[in-house]
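Please look over the sequence and structure before reading on.

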Amino acid sequence: MKLQVAIDLLTTDAALELAGKVAEYVDIIELGTPLIKAEGLSVITAIKQAHPDKIVFADLKTMDAGELEADIAFKAGADLVTVLGAADDSTIAGAVKAAKAHNKGIVVDLIGVADKVTRAREVRALGAKFVEMHAGLDEQAKPGFDLTGLLRAGAEARVPFSVAGGVKLDTIAAVQEAGADVAVAGGAIYGAADPALAAKELAAAIA
């Protein structure tokens, strides 16, 4: 299982600083949607230039113009780009077309999708590299939230998947047991007093 750090900071300098601290412990560096909205495509290029050996994940959460939006992110240096699972099939297919042209990948984010199992299978058939079983920050803030539903959906769908939303040291084992291909940790790393140590401990727990 790969470890992905989700960088939900708001400046390129802050993102570069965090990436520099944790890169040796993670496989994938994700640039969060707020970061890309705040800084533009240049942050993708900056991270890829600083860490050319890492998979750079641009969390665009595309909902329309799939081929166009994926193409501009790939040209900026992204290796993986997200499209929302709620998008039309043609949007996902367009993004996949761009990914094939660049020899890159599309991840379909199932945030807000009620039937994650069915949609996961559908978008995998459309060419998604993997799907993301994702609970957003707002959902995580609701009383009683836990990872169980995401893990169950991932295990049942039987397609390559990542898990994002509440992944931390005390849940990482359950994510791995569910068969996830990628564990996505955001606040557990960037919100830690020592992000490098937090990433190192997560990587060690996976290993």
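## Helix α6

Gly127 follows α6, and its phi is positive, near 115°. This is a predicted model. The helix itself spans residues 116–125. Its buried residues are Lys116, Val117, Arg119, Ala120 and Val123. They lie on the same side of α6, because they cover an arc of only 165° around the axis. An α-helix has 3.6 residues a turn, so residues three or four places apart point the same way.

What do the buried residues of α6 pack against? Their partners are α5, β5, β6 (130–134) and α8 (148–157).

## Helix α4

Helix α4 covers residues 66–76. Gly66, Ala70, Asp71, Ala73, Phe74 and Ala76 are its buried residues. Their cover includes α3 (42–50), β3 (55–62), β4 (80–84), α5 (89–102) and β5 (105–109). Gly77 comes after α4, with a positive phi near 120°.

Asp71 also forms a salt bridge with Lys75, at 3.0 Å from N to O. Both sit in α4, four residues apart, about one turn of the helix. Asp71 is buried, at 19% relative accessible area. Lys75 is exposed, at 63%.

## Other salt bridges

The whole structure holds eight salt bridges. One joins Lys48 and Asp79, at 2.8 Å from N to O. This pair links distant parts of the chain, 31 residues apart. Lys48 is in helix α3, and Asp79 is in the loop between α4 and β4. Lys48 counts as buried, with 18% relative accessibility. Asp79 is buried too, at 13%. A network of salt bridges links Lys48, Asp79 and Lys104.

Glu17 and Lys21 form another salt bridge, at 3.6 Å from N to O. They are four residues apart in helix α1, so about one helical turn separates them. Lys21 is partly exposed, at 39% relative accessible area.

Note on methods: Residues are numbered from 1 along each chain as its sequence is written. This is a predicted model: local features need pLDDT of at least 70, side-chain atom pairs count only at pLDDT 80 or more; totals for chains, interfaces and linings use all residues. Side-chain values use heavy atoms; hydrogens and water are left out. Buried means under 20% relative accessible area, exposed over 50%, partly exposed in between (1.4 Å probe, protein chains only). Helices (H or I, at least four residues) and strands (E, at least two) are DSSP runs, numbered from the N terminus. Contact means heavy atoms within 4.5 Å. The arc is that of the directions from the helix axis to the C-beta atoms. A salt bridge is a side-chain nitrogen of Lys or Arg within 4 Å of a carboxyl oxygen of Asp or Glu.
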